[in-house]
Amino acid sequence: MENSGDHQETNVPPVEGVAGGGTAYGWSDTGVNDPRPLRGAIDPTKVPPLELLNVWCMPSTANVGPQDMPRELEPISLLAARNERESIQIAIRPKVSWGGSGIAGTVQVQCTDLCSPCGARLVVGQSVTLRRVVPVLGVPDALVPLDMPVCQLNLFPGETRVLWVSIDVPSEHPPGQYDGEIIISATKAEAESTSQSLSKVEKHQLFRELRDCLDAVEPLEGKPLEEVVERVKSATSSLRRVLLSPSFSDFFSDNGPIDMMEEDSISSLSIRLKISLTVWDFVLPATPSVPAVIGISDTVIEDRFGVEHGSSEWFQLLDQHFKWLLQYRISPYFCRWGNGMRVLTYTSPWPADHPKSDEYLSDPRLAAYAVPYGPLVPCEGTAKDYLRREVEILSTKNHWRKAYFYLWDEPLNVEQYDAIRSMASEIHAYAPDARILTTYYCGPSDAPLASNNFEAFLKVPEFLRPHTQIYCTSEWVIGNREDLAKDIIAEIQTENGEEWWTYVCLGPGDPHPNWHLGMRGTQHRAVMWRVWKEGGTGFLYWGANCYEKATVPSAEIRFRRGLPPGDGVLFYPGQVFSSSQQPVASLRLERLLSGLQDIEYLKLYASRFGRDEGLNLLEKTGMYQGPERYTSEHTPIDVMRGEVYRTCRS
């Protein structure tokens, strides 16, 4: 992938597979056609952009593909609570070509702050962010950050490009109406103007100097430290000489880089897209009402980034991933898989008495955390000594109520169930109030608990009690029979502190809610609607970065064989798309966040009018009635949120 300057492009899908074509992912091809096509050479600075471009808006649940056809352009009107993120998509499709070198042309996109009449601002680059939607296996999914407040984007003939606009409202921000603009202008391609201004001799000189830099730093492996330092110094000196050459003088003034926000840089020939956001006086709780615990494979991080387990670089990378994922209202845990589906899970890689552990586990955004059953790195004493010491320290903390132990994934036979019992007994000897979480979709195959599979599944809590407190079942078992959820809950002894959580993985499949690539946007968002409607008190997902092994950060992503595309992958390494070190979110991760935010709306409504009325709201808006009966359009979501706003804002 190439990412140069403000031109942030991806011409080849960064994931193994072939690009899709000819599908609009469920959206109708109601085109908006211009009956007067332009002909001949076009100067984009002298032609109204509406003659060059189609621009339209789509909701965050739309899968807008490269072949999607234009729709009417309408102003953007959004509703958000405080401490909420709301997103919208902007699609751009060229009508004609005005560029060269295989592109239709270049557009400049600029965002303004969103301002309220009282002077409060949602600032671009902080509260307002812009990302480019990149197809994965031909399906729109990766959200690659763009420069703010101004970026440039290349358009290609016959192809729709999509921007993802997110607005994060801080918890303390004053309610009110906020207005701003997204300004889209057709421009001359920077590459074109540069090639015209540089002579062949200048271009050859630049090429030679850049090649020398590469030659200096490429063969570093195995070299003595002194030689490495000298080579890096030489390359740095050459790069500085290139950047300060007359070829790049336009980009620097006496005070540094030119400010792209100067008024005269905004052409009067622009499409100005109005954004209106109503912020209402409801603050989403810092701690999510429903814990969503999601795994991060530490071995995938070790392999891809070439770090040794337990090294300082290892701690830094885990810290980066943990902090980045907290913004999505999820509670990350790291995991290492053992034999027979035994799993070592932990939220803090540091020991319980380390200050970083207190920082992690006390964070109000963290709704639940995993405690490791054994040491993560070599330490003094036995594994039992380590476990006892960790539990003794953590159980004295205020955040202990958020702790759980996840020891085994989907036990299948008596031997595996007995292993869970044994480990749980050891933990409970140190802390009787410790919570053990067990995921399962069936009873032990070699000790039938009942005459049929579902009855045996229902008997698992009785079989595991008192060695498990969080019974986490697969949504695949329930299928489209929501009445079965009531049967499961009836087996859970909530009066004794037991809980019922659920999970999805490779199942359930379409049309049920899940996070597989290519599913509808409302299908992704409905995963959390289902949790709330069925009465679950928590949710688990096995992996967010579980793609195939690679040993280079920028290597293409390959989904694991035998799994539906996207299963176990909710974000991508930033290096796949650019030089950025930050992870890149998927559309599915953003929709997970939206679903968790929807739960807070429904919980507020139910707190005012009762849970039955909350369930009625889902029904009467047509938003969600069951795992096979939920909206495929975005409007019912807005109707539900609008009704909560209307009835609960006083």
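Me: Where does P511 sit?

Reply: P511 is found in the loop that runs between β24 (499-504) and α13, where helices (H or I, at least four residues) and strands (E, at least two) are DSSP runs numbered from the N terminus. This is a predicted model, in which local features need pLDDT of at least 70, side-chain atom pairs count only at pLDDT 80 or more, and totals for chains, interfaces and linings use all residues. Residues are numbered from 1 along each chain as its sequence is written, and side-chain values use heavy atoms, with hydrogens and water left out.

Me: Is the peptide bond from D510 to P511 cis or trans?

Reply: The bond from D510 to P511 is cis, and its omega is near 10°. For background, most peptide bonds are trans.

Me: OK, and what joins M148 and P149?

Reply: M148 and P149 are also linked by a cis peptide bond, for which omega comes out at about 5°. P149 belongs to the loop between β10 (139-145) and β11 (150-155).

Me: What about L137, is its phi positive or negative?

Reply: The phi of L137 is positive, at about 55°, even though L137 is not a glycine. L137 is placed in the loop between β9 (128-136) and β10.

Me: Switching to helices: how do α13 and α14 cross?

Reply: The axes of α13 (residues 521-534) and α14 come within 8 Å of each other and cross at roughly 40°. That angle makes α13 oblique to α14, oblique being what is left after under 35 degrees (roughly parallel), over 145 (roughly antiparallel) and 65 to 115 (roughly perpendicular). Axes are lines fitted to C-alpha atoms over the stretch in contact, with angles from 0 to 180 degrees between N-to-C directions.

Me: And which residues meet there?

Reply: On the α13 side they are G521, H524, R525, M528, W529 and W532, and these meet R588, R591, L592, S594, G595, L596, D598, I599, L602, K603 and A606 in α14, contact meaning heavy atoms within 4.5 Å.

Me: How do α14 and α15 cross, then?

Reply: For α14 (residues 587-609) and α15 (residues 611-621) the axes come within 7 Å, and the crossing angle is roughly 130°, so these two helices are oblique to each other. From α14 the contact takes L602, Y605, A606 and F609, while α15 supplies R611, E613, G614, L617, L618 and K620.
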